[in-house]
Amino acid sequence: MHLLLSTLLAAAPTTPPPSVFALEGQPFLSVARSDLTTLRRFVVGLEALSARAQANRALFTSASGSVLTPEQKRTVLSTWGALFAYFSSIEGLRQKYWSFVKLLPTDARHAWGYLITHTALTALLAHGMGFADLTLGNAQLETLLDEANEEFGVPAGAFAAFKLKAIHVATSTQLVTGDAWALTVTPTMKRAKAFDEADVKWAWSEMKADSKRAKGALVKKGVKLFAGNATDILKDTTMQTVFPVQKSFAEWMGDTRVARNGKPLLSASFVEREVLPKLQPGDVVVTRQNWFLSNIGLPGFWPHAELYVGRPDEWTALERDDGVQAWLKTQPERAATLAALLERRYPQKWKTYVGGTDFQGHGPIRVIESISEGVSFTAIEHAFGVDYLGVLRPRRPPVEKARAIERAFLYQGRPYDFDFDFFSDATLVCTELVYKAYQADADMKGLDLPLVDVAGRRTLPANDIVKRYDAEGDGPNRQFDFVLFVDAVEAEDRVFSSDAKTLKASHRRLKWDIAQR
């Protein structure tokens, strides 16, 4: 099955969502600030990924006709796939604010729209042209990158179109015009004291640095820049889209939940009725939101994983286990229960977990997950407010589940790892939390979840957890038992309980699952 551009366009929403500029005043500013923070995270991630691509420069610039090993081919394809996801999601944010050009320059929304769209544009061009330059003249590599990459949701022909956009004279003109437009919006931003905000300062600085880098690349490649009339060019919709090929493709990607405006297919009542009664502390949960780009640089249908810890009253059977009791006696706190251990070892975290709410104000806390806000305590409204949900139960003794929960408490509060570096404990990506919670050591067999190469970085996509579950079959040495799978049909706004066989096969679904619409 190929992710063809025609399929993508046919599957794009036929009714466009309301424009962000339908909002005014504080509601608009709240959304714009949130999107600028998201853009910052995306650009930081893109920078890290671009640096890794440059570190593998010898691989991308190898002589045309040379044979790539399977490992080298995966590095090349996963790098392009991850870059494509970043490019497309950043373009999705850019598209969201493009109609700022229809507002008067004295309107604060015009200034914010410009800030987001031009910061996005300069980042796309600076890093896009840098990657295009790596493959210059390597016909074999360009052919490879132009093939459909289902694992990352890259359509056939995307690389050729991407390069054309990156170095097109119209794109160059838009860059120069956008730079000049900064003088128009600066007074409005100053009046609103926007430059006092950290993300705005970052965007202004990043915009200038990326524009300089992009212009340098354009001049180096001999592309002429035509500034023309700034107002006319800025409003010329023929230059609206930069990445990827089509505007409609960008619209449904990104961090904006375009189709349903943040409404998940799984309702709270469904979760309370059909999901929670089946869960046990230590369960591994994989989730997916169709129109939300989570773990942006990772491949596969399942983008997110989290650890279900439940509530203390769910730990009774766990705590009575002889193995758990023996382990507790070896700990310096000498606690009689897991709850007492965590309360003494992590008093502030325990206070939040027992009686607090998550970053959205919901409670009670039942899940620990690594999200863009960091390794967080979350309630079901966030953790299970998704479109698809699968739960796997590690076939490990109670003591290992207790230790996994303790480890998750240890990591709670640490920043999210936008670089997907599994060899650092300072920051964690979502699957890294699950991986390290159940990581083997001298006293714990744990789970065997092999890391894979993504853009030259060893990591664990959530999709690979389900893939591992599928590969191990139903034999006695399997690592997981099936708990539940909530499947969905978005076109019908419907979720339903499915079976283990369907969950096992789900990792083969397209990354963006467009066919399900």
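Residues are numbered from 1 along each chain as its sequence is written, and side-chain values use heavy atoms, with hydrogens and water left out. Because the model is predicted, local features need pLDDT of at least 70 and side-chain atom pairs count only at pLDDT 80 or more, whereas totals for chains, interfaces and linings use all residues.

The protein chain contains 21 helices and nine strands; helices (H or I, at least four residues) and strands (E, at least two) are DSSP runs, numbered from the N terminus. Of its 517 residues, 56% are buried, where buried means under 20% relative accessible area, exposed over 50%, and partly exposed in between (1.4 Å probe, protein chains only). Among contacts in the protein chain with a separation of 6 or more, 75% are made by residues 24 or more positions apart, a contact being heavy atoms within 4.5 Å. The accessible surface of the protein chain is about 20800 Å², with 54% belonging to carbon and sulfur atoms; these areas come from the Shrake-Rupley method with a 1.4 Å probe, and for residues only the protein chains shown count as cover.

A nonpolar core is a set of buried Ala, Val, Leu, Ile, Met, Phe, Trp, Tyr and Cys residues joined through side-chain atoms within 4.5 Å. The largest has 72 residues, of which V275, L279, W302, L338, F384, L389 and F409 touch the most other members. Helix α18 gives the most to this core, contributing seven residues. Another core, of 62 residues, lies apart from it and includes L29, V76, F84 and A158.

P155 is found in the loop between α6 (139-145) and α7 (158-167). Its relative accessibility is 1%, so P155 counts as buried. The C-alpha atoms of P155 and F84 are separated by 10.0 Å, although the two residues are 71 residues apart along the chain.

The structure holds 23 aromatic pairs. Rings of Phe, Tyr and Trp (its six-membered ring) pair if their centres lie within 6.5 Å; planes under 30 degrees apart count as stacked, over 60 as edge-to-face and the rest as tilted. The ring centres of F21 and Y97 are 6.0 Å apart and the planes stand at 90 degrees, so this pair is edge-to-face. Since F21 lies in the loop between α1 (5-11) and α2 (25-55) and Y97 in helix α4 (residues 70-97), the pair ties together parts that are 76 residues apart in sequence. Both F21 and Y97 are buried. Y353 and F409 are also edge-to-face, because their ring centres are 5.3 Å apart and their planes are at 80 degrees. Y353 belongs to helix α16 (residues 347-355) and F409 to helix α18 (residues 398-411), so parts 56 residues apart in sequence are tied together. Y353 and F409 are both buried.

Ring pairs join Y353 and F409 with W315, Y346, W350 and F377 in a cluster. R311 lies over the face of Y353, at 4.9 Å from the ring centre; a charge sits over a ring if NZ of Lys or CZ of Arg is within 6 Å of the ring centre and within 35 degrees of the ring normal. R509 is placed over the face of F301, at 5.3 Å from the ring centre.

In α16, the buried residues are K349, W350 and Y353. Seen down the axis of α16, these residues fall within an arc of 100 degrees, so they line one face of the helix; the arc is that of the directions from the helix axis to the C-beta atoms. They pack against α15 (338-345), β4 (374-378) and α18. The face turned away from the buried side of α16 carries the exposed residues Q348, K351 and G355.
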